[in-house]
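Thanks, everyone. Let's walk through this structure together, starting with the overall build and ending with a few single residues.

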Amino acid sequence: MDRLGCGCHPVPVTPLDDHSQRQRPLFFPVVIATALLTIIGLAGGYLLGEQSTRAKPQPTPSPSVSLLPTTGRCPEQTQEVGRQQQAVGELREVLRVRTERKTVVWICQDEAGGLYYHANKGGTGAVWVEGKTALFLSQVWREGESRYVAQAYDGNIFSVDRKRLLISYADGSEEVQKVIGD
């Protein structure tokens with residue numbers, strides 16, 4: 001008689017001895033599938049991004065922006081520096097004064113309502129060297145009806161109206177230049 005029961009082996013079997021199915025490594029197929037899905041996702045995202053970029057309307061000046069009255073174009077040197085400083089469109093002259101020290105100051109406004117300060121020693125006909133004879137500032141605000149204030153990166157503040165140019169230096173000292181006309 002057979003002493004073994006149904007389904008039993010005559011020899012003890014351990015799990016290590018069972019080689020009925022050989023396991024295949026999954027690492028490489030998973031890496032390849034992940035790489036392919038990443039490439040497909042990136043390509044799809046890029047195409048969707050390009051499509052939405054083309055569909056966006058170009059920014060236009062807001063109709064709610066109230067533009068100040070202007071008297072013409074600001075000098076070409078101001079237009080050039082304005083483009084470099086991301087001014088929107090053409091810069092138009094809001095205020096132009098000449099001081100007793102022959103410095104000419106322009107307050108200009110872009111098509112979006114942004115204000116800019118540009119000054120040059122000697123006026124339009126003199127040599128323009130930004131940072132030496134000329135100064136362009138984009139941080140300008142209006143005080144009252146006819147005064148414009150600009151702050152330079154070094155902390156100096158320039159306040160100009162039809163009567164004077166006041167320069168308040170960061171060290172606390174001030175310089176006043178009387179306006180003598182155009």
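First, how elements are called: helices (H or I, at least four residues) and strands (E, at least two) are DSSP runs, numbered from the N terminus. By that rule, the chain has two helices and nine strands. From the N terminus, the order is α-α-β-β-β-β-β-β-β-β-β.

A word on the source. This is a predicted model: local features need pLDDT of at least 70, side-chain atom pairs count only at pLDDT 80 or more, and totals for chains, interfaces and linings use all residues. Residues are numbered from 1 along each chain as its sequence is written, and side-chain values use heavy atoms, with hydrogens and water left out.

Now burial. Buried means under 20% relative accessible area, exposed over 50%, and partly exposed in between, with a 1.4 Å probe and protein chains only. Of the 182 residues in the chain, 28% are buried. Next, contacts, meaning heavy atoms within 4.5 Å. Take the contacts with a separation of 6 or more: 34% of them join residues 24 or more positions apart.

On to the disulfide (a pair of cysteine sulfur atoms within 2.5 Å). The whole structure has one. Which cysteines form the disulfide? Cys-74 and Cys-108, with sulfur atoms 1.9 Å apart. The pair links distant parts of the chain, 34 residues apart. Cys-74 sits in the loop between α1 (27–55) and α2 (76–84), and Cys-108 in strand β2 (residues 103–109). The torsion about the S-S bond of Cys-74 and Cys-108 is about -115 degrees, so this disulfide is left-handed. Both Cys-74 and Cys-108 are buried.

Next, the largest pocket. On a 1 Å grid over the protein atoms alone, a pocket is an open set of points where a 1.4 Å probe fits, with protein on both sides within 12 Å along at least five of seven lines; lining residues have an atom within 4 Å of a point. Its volume is the space filled by probe spheres set on the points, which are joined across faces, edges and corners. Here that comes to about 370 Å³. The lining has 21 residues, and closest to the centre are Lys-121, Lys-132, Leu-135, Phe-158 and Ile-167. Strands β3 (115–121), β4 (134–137), β8 (164–168) and β9 (174–181) each supply at least two lining residues. β3 gives the most, with four.

Asn-156 is in the loop between β6 (147–151) and β7 (157–160). Is Asn-156 buried or exposed? Buried, at 12% relative accessible area. A polar atom of the Asn-156 side chain lies 2.8 Å from the backbone nitrogen of Ala-170. Beyond neighbours within four places in sequence, Asn-156 has contacts including Ala-150, Gln-151 and Ser-168.

Compare Glu-174, in strand β9. Glu-174 is exposed, at 55% relative accessible area. Leaving out neighbours within four places, Glu-174 touches Leu-166, Ile-167, Ser-168 and Tyr-169.

Last, backbone angles. Gln-86 is not a glycine, yet its phi is positive, near 65 degrees. Gln-86 lies in the loop between α2 and β1 (92–99) and is exposed, at 61% relative accessibility. Lys-102, also not a glycine, has a positive phi of about 65 degrees. Lys-102 is in the loop between β1 and β2 and counts as exposed at 52%.

Definitions and conventions:
A polar contact is a pair of N or O atoms within 3.5 Å; within protein, one must be able to donate a hydrogen and the other to accept it, and residues adjacent in sequence count only if both atoms are side-chain atoms.
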